[in-house]
Amino acid sequence: MQIADLIYLRCPTCHATLRLHIGDGVNGSVRCANNTHTYIIRHGILDLLPRAHPTSMAAWSNEWRLTAWAYERIWRPYALSIFSGTSFGYDREQAIVSESFTPTRGLIVDIACSNGLYARIVAKAYPQKSVIGIDRSMPMLIEAQRRAIAARLPISYIRADARTLPMRSGVAEGIVMGGSLNEMADIPRVFTEISRIATPTSTFVNMALIRATRFFGKTIQSALSHGGITFFQPDAIIAQLTRYGWQIKSSTITGIVWFINATRTGA
Ligand SMILES: [Zn+2]
């Protein structure tokens, strides 16, 4: 946790500002300005949530240490090639994410960041920006933190819920989300929160998996849907984003991999 990034945060319970209370960004605690709520920093990660009680299979598997360890090592490098049906390596994904923002100061938030792949891409591409990654899974965040330290990237990782983001309103110049929308239970609430923390000129880059049209893909997706994974019709998501004041700049579908880039219209 970069202590300087506390300026972007608010108490998830009473919305007062958060200040460092004891220790430092590695081991310590922060307390809200009302002196009512205290949150622990451990392993360099600020924990704003109570103990985990995952409600779906996808969320549950994210709580396993093995999943956190295996995610970027084994699964993630090949995921987009499998889902897109073509060679879709990190370099291609990295180019899409890292070319989406302007090289000014400001905050970029990686929502439901897993091992922090997108957080690291933007932190590397925009060293002048602050980058905060949030996720509900502590094992995922510990792995994300380990990778950020190895890459010497000053990313703040926070255990928090995308439905109640811990950022103040109007502070995020950029928001990135890689595949997490498919695992989220309450998308309107997540979009409400993303729109609340966005600045009037904010950019939102989202990668999600869309609904398959072929029988084979449909069968697999039907099985996965019982584990808490939802596949979208892009038009439905675009309609929602538009309602929340986002303008779609680009929307690209490769296989079932969908990248969307949207900016705030100043609404
Ligand atoms: Zn508080």
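A salt bridge is defined here as a side-chain nitrogen of Lys or Arg lying within 4 Å of a carboxyl oxygen of Asp or Glu. By this criterion, the structure, which is a predicted model, holds six salt bridges. Side chains of opposite charge can pair when their charged atoms come close.

One of these salt bridges joins the side chains of glutamate 143 and arginine 147, with an N to O distance of 2.9 Å. The two residues are separated by about one helical turn, because they stand four residues apart in helix H5 (residues 138-150). Glutamate 143 is buried, at a relative accessible area of 8%, and arginine 147 is likewise buried, at 18%.

Arginine 163 forms a salt bridge with aspartate 161, and their closest N and O atoms are 2.8 Å apart. Here aspartate 161 is buried, at 11% relative accessibility, whereas arginine 163 is partly exposed, at 27%. Both residues belong to a network of salt bridges that also includes Arg136.

Backbone geometry was also examined. Histidine 15, although not a glycine, has a positive phi of about 70°; this residue is located in the segment before strand E1 (18-23) and is partly exposed, at 44% relative accessibility. Asparagine 35, also not a glycine, has a positive phi of about 60°. Asparagine 35 is placed in the loop between strand E2 (28-32) and strand E3 (38-42) and is exposed, at 58%.

Technical notes. Residues are numbered from 1 along each chain as its sequence is written. This is a predicted model: local features need pLDDT of at least 70, side-chain atom pairs count only at pLDDT 80 or more; totals for chains, interfaces and linings use all residues. Side-chain values use heavy atoms; hydrogens and water are left out. Buried means under 20% relative accessible area, exposed over 50%, partly exposed in between (1.4 Å probe, protein chains only).
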